[in-house]
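Reader: I am new to this structure and would like a close look at a single part of it. Could you take me through the salt bridges, and tell me what surroundings their side chains have?

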Amino acid sequence: MNFLTDNYQDIRDGVKALCAQFPAEYHRKVDEEKAYPEAFVDALTKEGWMAALIPEEYGGSGLGLIEASVIMEEINRAGGNSGACHGQMYNMNTLVRHGSEEQRQKYLPRIASGELRLQSMGVTEPTTGTDTTKIKTTAVKKDGRYVINGQKVWISRVQHSDFMILLARTTPLAEVKKKSDGLSIFLVDIKEAMKTGMEVKPIPNMVNHETNELFFDNLEIPEENLIGEEGKGFKYILTGLNAERALIAAECIGDGYWFTDKVTAYVKERQVFGRPIGMNQGVQFPIAEAFIEVEAANLMRYKACALYDAGQPCGAEANMAKYLAAKASWEAANACIQFHGGFGFANEYDVERKFRETRLYQVAPISTNLILSFVAEHILGMPRSF
């Protein structure tokens, strides 16, 4: 697992060239209109970047999570927002690793070609948050179908995806030996579900990140849409969650480099009292510190991805990578907006847009405090705090 050497320049160059076709003005307009970057996502799909994790026999590139993370990083480093499309990356391995051969044959080639999008994952609920084993959405098997009832929240890209991976409880919590047992995952046809028992309510928010509240009222889905074995869904969903955290880390690293590049160029040119403000240590040090933290987070990102690709346990590394990268990008964002002064708040500089985008990752997909409690309990052996 040689994660200390970046051997992915060809991927970086390819993604960078594509991103150059969608300059800052494009992303600024999408943000202002609260729109979805359809043209950008379609271009990524057409050039094969969104099929990176799909095996070659199903029409994909057969790459690993490291390569996928580089793609996400470069999008953010170029000034875009991978949040519009990263779901297809971290959801993919759940289907690839745990789906049946019939499911893989049926869906993966169509996802690879862009005919279908698998961008959404339904796990979080209003009253359980990260306490996933306590989810209340149920799936009851009846006459060759599963009947879904319940509610989800903060479910992103539902309106721009064809399928969603959904986690529901198939065995009541009171009837299982381990609280993580009795959960199952399903592949849900979103457009069909919206006609037959799933209601979607958009949640306006401070970032142009399409996200929703979902309500399930006796939604029936075919039995063959169960992924893997019934009751083992919690284990399966971790495949997606660990990938998600490592990919989010890469996106934050891309943001961190964007902010440090942007502010470094600005402070070299900005003249105050007859000298560039970049000559002042009070300006230099916060930027340098943020850059150092981005570089350190980058190493943990590669370690987490390398472990994931090797099939090794990587929960701790994925969580720590996400923590370090989110912290580093936020520090870089603060330095960038601070030293741009008033211009940092002007839309035309794009700093305020990226500032809002990277702030999300202090909270989602898992908050920094929950990562700290995970490390304290599961790595350092301290008593459980909740």
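Author: Arg 353 counts as buried, because its relative accessibility is 2%, where buried means under 20% relative accessible area, exposed means over 50%, and partly exposed lies in between, with a 1.4 Å probe and protein chains only as cover. This is a predicted model, in which local features need pLDDT of at least 70 and side-chain atom pairs count only at pLDDT 80 or more, while totals for chains, interfaces and linings use all residues. Residues are numbered from 1 along each chain as its sequence is written, and side-chain values use heavy atoms, with hydrogens and water left out.

Arg 353 takes part in a salt bridge with Glu 357, whose closest N and O atoms are 3.4 Å apart; the term stands for a side-chain nitrogen of Lys or Arg within 4 Å of a carboxyl oxygen of Asp or Glu. Both Glu 357 and Arg 353 belong to helix 11 (residues 351-359), where they are 4 residues apart, or about one turn of the helix; helices here are DSSP runs of H or I with at least four residues, strands are runs of E with at least two, and both are numbered from the N terminus. Glu 357 is buried, as is Arg 353.

Arg 353 also forms a salt bridge with Asp 350, and here the closest N and O atoms are 3.5 Å apart. Asp 350 is buried too, because its relative accessible area is 4%.

In general, side chains of opposite charge can pair when their charged atoms come close. By the rule given above, the count comes to 23 salt bridges, and one of them is formed by the side chains of Asp 42 and Arg 117, at 3.0 Å from N to O. This pair links distant parts of the chain, since Asp 42 lies in helix 3 (residues 38-46) and Arg 117 in the loop between helix 6 (101-113) and strand 1 (118-122), 75 residues apart. Asp 42 is partly exposed, because its relative accessible area is 41%, whereas Arg 117 counts as buried, at 14% relative accessibility.
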